[in-house]
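Here is a short briefing for a first look at this structure. Keep the sequence and the 3D view open while you read.

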Amino acid sequence: GGKIAGVYVSDGKVSRGAKARVLRAGQVVRESSISSLRHFKENVTEMSAGFECGIGIEGVTDFQVGDIIEVYRMERK
């Protein structure tokens with residue numbers, strides 16, 4: 001197990017398995033996939049804007065207060 005960040009979803013939605021980048025002071029610290037998504041003690045597959053949840057990102061072990069997590073999805077067109 002890695003570290004889990006407690007977050008507030010401010011816009012859109014977060015899905016387990018989606019891509020994410022961690023921004024610290026405007027710089028990308030890490031870009032990876034969401035490995036864990038929890039709401040209270042329950043594992044969930046998706047969280048919508050307006051809710052708090054816990055997010056684990058593969059390879060990230062040093063979340064800091066003020067980090068911003070951008071979640072995105074790659075699509076083929």
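Strand β8 supplies the largest share of the lining of the largest pocket, with 5 residues. The model is predicted.

**The largest pocket**

- The space in the largest pocket comes to about 520 Å³.
- Its lining is made up of 23 residues.
- Nearest the centre of the pocket lie Val9, Val14, Ile69, Glu70 and Val71.
- Strands β1, β2 and β8 are the elements that each give two or more residues to this lining.
- By class, 13 lining residues are nonpolar, 5 are polar and 5 are charged.

**The nonpolar core**

- The largest nonpolar core has 15 residues.
- Which members touch the most others? They are Val14, Ile34, Leu37, Met47, Cys53, Ile55 and Ile57.
- At least two core residues come from each of β1 (5-8), β3 (19-24), β4 (27-39) and β7 (52-57).
- Strand β7 gives the most to this core, with 3 residues.
- In soluble globular proteins, nonpolar side chains tend to be buried together.

**Val14, in both pocket and core**

- Val14 is one of the residues nearest the pocket centre, and Val14 is also among the core members with the most contacts to other members.
- Val14 sits in strand β2.
- Is Val14 buried or exposed? Its relative accessibility is 5%. Buried means under 20%, so Val14 counts as buried.
- Beyond its neighbours within four places in sequence, Val14 is in contact with Val9, Ile34, Leu37, Thr45, Glu46, Met47, Ile55 and Val71.
- Val14 and Leu37 are 23 residues apart along the chain, and 8.4 Å separates their C-alpha atoms.

**Salt bridges**

- How many salt bridges are there? The count comes to 6.
- One of them joins Lys13 and Glu46, with the closest N and O atoms 3.8 Å apart.
- Lys13 belongs to strand β2 (residues 13-15) and Glu46 to strand β6 (residues 46-48), so this pair ties together parts 33 residues apart in sequence.
- Glu46 is partly exposed, at a relative accessible area of 38%. Glu46 is also one of the residues in contact with Val14.
- Another salt bridge joins the side chains of Arg21 and Glu70, at 3.1 Å from N to O.
- Why does this pair tie together parts 49 residues apart in sequence? Because Arg21 lies in strand β3, whereas Glu70 lies in strand β8 (residues 68-72).
- Arg21 is partly exposed, with a relative accessible area of 23%. Glu70 is partly exposed too, with 34%.
- A network of salt bridges links Arg21, Glu31 and Glu70. Glu70 is also among the residues nearest the centre of the largest pocket.
- Arg24 pairs with Asp67 in a further salt bridge, with the closest N and O atoms 2.8 Å apart.
- This pair links distant parts of the chain, 43 residues apart. Arg24 is in strand β3, and Asp67 is in the loop between β7 and β8.
- Are Arg24 and Asp67 buried or exposed? Both are buried.

Conventions
Residues are numbered from 1 along each chain as its sequence is written. This is a predicted model: local features need pLDDT of at least 70, side-chain atom pairs count only at pLDDT 80 or more; totals for chains, interfaces and linings use all residues. Side-chain values use heavy atoms; hydrogens and water are left out. A nonpolar core is a set of buried Ala, Val, Leu, Ile, Met, Phe, Trp, Tyr and Cys residues joined through side-chain atoms within 4.5 Å. Buried means under 20% relative accessible area, exposed over 50%, partly exposed in between (1.4 Å probe, protein chains only). Helices (H or I, at least four residues) and strands (E, at least two) are DSSP runs, numbered from the N terminus. Contact means heavy atoms within 4.5 Å. A salt bridge is a side-chain nitrogen of Lys or Arg within 4 Å of a carboxyl oxygen of Asp or Glu. On a 1 Å grid over the protein atoms alone, a cavity is a set of points where a 1.4 Å probe fits but cannot get out, and a pocket is an open set with protein on both sides within 12 Å along at least five of seven lines; lining residues have an atom within 4 Å of a point. Grid points are joined across faces, edges and corners, and a volume is the space filled by probe spheres set on the points. Ala, Val, Leu, Ile, Met, Phe, Trp, Tyr, Cys and Pro count as nonpolar, Asp, Glu, Lys and Arg as charged, and the others, Gly among them, as polar.
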